[in-house]
Amino acid sequence: MKLIIAYIQPDKLNDVKQELYRAEVYKMSVTNALGCGQQMGFTESYRGVAIEVNLLKKVRIEIAVNDDFVKKTIDAIIKGAKTGNIGDGKIFVVPLEETVRIRSGEIGSDAIG
């Protein structure tokens, strides 16, 4: 089992979700995040004062998958999020030691579904 964490551009979320559905990955958690990387932010003026904005809006997607789904989940995220520009995002794959479904008490791969 793996936990796949992806940071993507907010406007690419629908494209990524569609690609994940095509790959038969339906369960995910999505949260808004702020971060900085190679984009380095930008400067804007607010009431005549220059403000440096270096934390940009991103979307964090977390998906727990069985080992059979790791590659196709990653491929779907890349296909939906890639524009070829700086700031497309990152994907992290983390080992998942244990999973428990609260409703039924299922453990491990069965709990992921």
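Student: Where is the place of Asp 88?

Tutor: This is a predicted model. In it, Asp 88 sits in the loop between helix H2 (70–81) and strand E6 (89–95).

Student: Asp 88 is buried; why is it said to have no salt bridge?

Tutor: Look at the nearest side chain of opposite charge, which is Lys 82. Lys 82 is 6.9 Å away.

Student: What makes the link between the side chains of Asp 88 and Thr 83 a polar contact?

Tutor: The distance there is 2.5 Å. The cut-off is 3.5 Å, so the pair falls within it. The side chain of Asp 88 also has a polar atom 2.8 Å from the backbone nitrogen of Gly 84.

Student: Which residues is Asp 88 in contact with, leaving aside its neighbours within four places in sequence?

Tutor: They are Tyr 7, Ile 8, Gln 9, Ala 81, Lys 82 and Thr 83.

Student: Why is Val 49 called partly exposed?

Tutor: Its relative accessible area is 49%. Buried means under 20% and exposed means over 50%, so Val 49 falls in between. Val 49 lies in strand E4 (residues 49–53). With Tyr 46 and Ile 51, Val 49 forms a nonpolar surface patch of about 280 Å² accessible area together.

Student: What is the phi of Glu 24, and where is Glu 24 found?

Tutor: Phi is near 65°, a positive value in a residue other than glycine. Most residues other than glycine have a negative phi. Glu 24 is in the loop between helix H1 (13–22) and strand E2 (29–35).

Notes
Residues numbered from 1 in each chain as written. Predicted model: local features only at pLDDT ≥ 70, side-chain atom pairs only at ≥ 80, totals over all residues. Heavy atoms only, no water. Helix = DSSP H or I, 4+ residues; strand = E, 2+ residues; numbered from the N terminus. Buried < 20%, exposed > 50% of the residue type's maximum accessible area, 1.4 Å probe, protein only. Lys, Arg positive; Asp, Glu negative; His and termini not counted. Salt bridge = Lys/Arg side-chain N within 4 Å of Asp/Glu carboxyl O. Polar contact = N/O pair within 3.5 Å; in protein donor to acceptor, adjacent residues only side chain to side chain. Contact = heavy atoms within 4.5 Å. Patch = residues over 30% accessible without salt bridge, like charges linked within 9 Å, V, L, I, M, F, W, Y side chains within 5 Å. Areas by Shrake-Rupley, 256 points an atom, 1.4 Å probe, with all protein chains shown as cover.
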